[in-house]
Amino acid sequence: MNTSIIKNPRITEKATMLIEDACYTFDVKKGATKNEIIKAIKELYKVTPRAVRTVAVTSKKVTSRKSNKIGHTSAGRKAYVYLKKGDKIEVL
C-alpha cells in the first residue's frame, strides 16, 4: 500500500509560506521514489501532483539539556509536492 510511504506533513514556517504557491511539504521514507510519492498523494488526498521534488535531510548533533549527553537526530527525506493552481490539500 502506497500510503505508508508518506509519514506526515511537514509544518514549518517555510512550508506554510510555500502553501500559497500550491506547494506542500511531506516527510517520506528514505527509499521512496518520486513515482511512489505521486501514487501515495493520489490515494491519500485524491489530488494529482504537477511535480515532486525530493531532498535528503541529514542528521544533526543534539545535546541534552538535563544530562549533557550528545546524540543525533534521525536522518530522513522530505518531498515538495506541487499541485495545479485550483487544487488544495487540507494538512491541518
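The chain contains 2 helices and 6 strands, where helices (H or I, at least four residues) and strands (E, at least two) are DSSP runs numbered from the N terminus. Read from the N terminus on, the order of the elements is β-α-β-α-β-β-β-β. The model is predicted, so local features need pLDDT of at least 70 and side-chain atom pairs count only at pLDDT 80 or more, while totals for chains, interfaces and linings use all residues. Residues are numbered from 1 along each chain as its sequence is written, and side-chain values use heavy atoms, with hydrogens and water left out.

Taken along the principal axes, the C-alpha atoms fill a box of roughly 50 × 30 × 20 Å. Of the 92 residues in the chain, 26% are buried; buried means under 20% relative accessible area, exposed over 50%, and partly exposed in between, with a 1.4 Å probe and protein chains only. Among contacts (heavy atoms within 4.5 Å) with a separation of 6 or more, 58% are between residues 24 or more positions apart.

Two strands are taken to pair if DSSP finds at least two bridges between them. Strand β1 (residues 6-9) runs antiparallel to β2 and is joined to it by 3 bridges. In this pairing, P9 is placed opposite F26. Strand β2 also pairs with strand β6 (residues 76-82), again in the antiparallel sense, over 6 bridges. Here C23 lies opposite Y82, and T25 lies opposite Y80. Strand β6 is in turn paired with strand β3 (residues 51-57), antiparallel and over 7 bridges. The bridge partner of T54 in β6 is A79. Strand β6 is largely enclosed by the rest of the structure, because 5 of its 7 residues are buried.

The largest nonpolar core holds 16 residues, of which I6, F26, V28, I37, I41, V81 and L83 touch the most other members. A nonpolar core is a set of buried Ala, Val, Leu, Ile, Met, Phe, Trp, Tyr and Cys residues joined through side-chain atoms within 4.5 Å. At least two residues of the core come from each of β2, α2 (34-45) and β6. Apart from neighbours within four places in sequence, V28 is in contact with I5, I6, K7, I37, R77, K78 and A79.

T25 is located in β2 and is buried, with a relative accessible area of 7%. Not counting residues up to four places away in sequence, T25 touches P9, R10, A15, L18, K78, A79 and Y80.

K78 is located in β6. This residue is buried but has no salt bridge, and the nearest side chain of opposite charge, that of D27, is 7.3 Å away. A salt bridge requires a side-chain nitrogen of Lys or Arg within 4 Å of a carboxyl oxygen of Asp or Glu. For charge, Lys and Arg count as positive and Asp and Glu as negative, whereas His and the chain ends are not counted. The side chains of K78 and Y80 are joined by a polar contact of 3.2 Å. A polar contact is a pair of N or O atoms within 3.5 Å; within protein, one must be able to donate a hydrogen and the other to accept it, and residues adjacent in sequence count only if both atoms are side-chain atoms. Beyond four places in sequence, the residues touched by K78 are R10, T25, F26, D27, V28, R53, T54, V55 and V57.

R77 also has its place in β6 and counts as partly exposed, at 24% relative accessibility. Its side chain makes a polar contact of 3.0 Å with the side chain of T54. The side chain of R77 also reaches the backbone oxygen of A32 at 2.8 Å. With residues up to four places away in sequence left out, R77 touches F26, D27, V28, K29, K30, G31, A32, T54, V55, A56 and V57. The C-alpha atoms of R77 and R50 are separated by 20 Å, and these residues are 27 residues apart along the chain.
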